[in-house]
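Q: I would like to learn how to read surface, helix and contact features from a set of coordinates. Where do we begin?

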Amino acid sequence: MLEEQYSKLLRSWSAKFNKLVEKNSSYHTLQTTWLGMLKEADRTAQLHTSMKESLMSDPYEKVKQWKKENYHSLTLGGI
């Protein structure tokens, strides 16, 4: 699902740059800004993960049940 992929990419991007920023000896304000941006990326990833879980739990099950009730499977391939 798209939300899950986006969340994983954000988390990997954040982890990658978090290591680089912590190793770098840049000015404190710049480092604080980077770390704040990376923290926001983690929060956004968490939001998209919760959206994915929300989408897959309630509406997905309702559509699945509706499809089961209204589209019956054909026996023997539809003969």
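A: We begin with a nonpolar patch on the surface, formed by Met-1, Leu-2, Leu-55, Met-56 and Tyr-60, which together have about 480 Å² of accessible area. The model is predicted: local features need pLDDT of at least 70, side-chain atom pairs count only at pLDDT 80 or more, and totals for chains, interfaces and linings use all residues. Residues are numbered from 1 along each chain as its sequence is written, and side-chain values use heavy atoms, with hydrogens and water left out.

Q: What makes a group of residues a patch?

A: Patch members have over 30% relative accessible area and no salt bridge; like charges are joined within 9 Å, and nonpolar side chains (Val, Leu, Ile, Met, Phe, Trp, Tyr) within 5 Å. The areas come from the Shrake-Rupley method with a 1.4 Å probe, and for residues only the protein chains shown count as cover.

Q: Which element gives the largest share of the nonpolar patch?

A: Helices (H or I, at least four residues) and strands (E, at least two) are DSSP runs, numbered from the N terminus. Helix H2, residues 28–70, contributes three residues, the largest share of the patch. Leu-55 is a patch member that lies in H2.

Q: Is Leu-55 buried, exposed or partly exposed, and why?

A: Buried means under 20% relative accessible area, exposed over 50%, and partly exposed in between (1.4 Å probe, protein chains only). Leu-55 counts as partly exposed because its relative accessibility is 40%.

Q: Where is the kink in H2 centred?

A: The bend at a residue is the angle between axes fitted to the seven residues ending there and the seven starting there. In H2 there is a kink of about 35°, centred on Tyr-60. Tyr-60 also belongs to the nonpolar patch.

Q: Which residues of H2 are buried?

A: Leu-38, Ala-41, Ala-45 and His-48 are the buried residues of H2. Their cover includes H1, where contact means heavy atoms within 4.5 Å.

Q: Why does His-48 count as buried, and what does His-48 touch?

A: His-48 is buried because its relative accessible area is 16%. Leaving out residues up to four places away in sequence, His-48 touches Glu-3, Tyr-6 and Ser-7.

Q: How many salt bridges are there?

A: Side chains of opposite charge can pair when their charged atoms come close. The rule asks for a side-chain nitrogen of Lys or Arg within 4 Å of a carboxyl oxygen of Asp or Glu, and by this rule the count is two. One joins Lys-8 and Glu-4 at 3.8 Å, N to O. Another joins Arg-43 and Glu-40 at 3.7 Å, N to O.

Q: What do C-alpha distances say about residues set apart in sequence?

A: Lys-8 and Ala-45 are 37 residues apart in sequence and 7.2 Å apart in space, C-alpha to C-alpha. Asn-24, in the loop between helix H1 (2–23) and H2, is 20 residues from Thr-44 along the chain, with 24 Å between their C-alpha atoms. For Glu-61 and Lys-16, 45 residues apart along the chain, the C-alpha separation is 36 Å. Lys-64 and Leu-9 are 55 residues apart along the chain, and their C-alpha atoms are separated by 29 Å.
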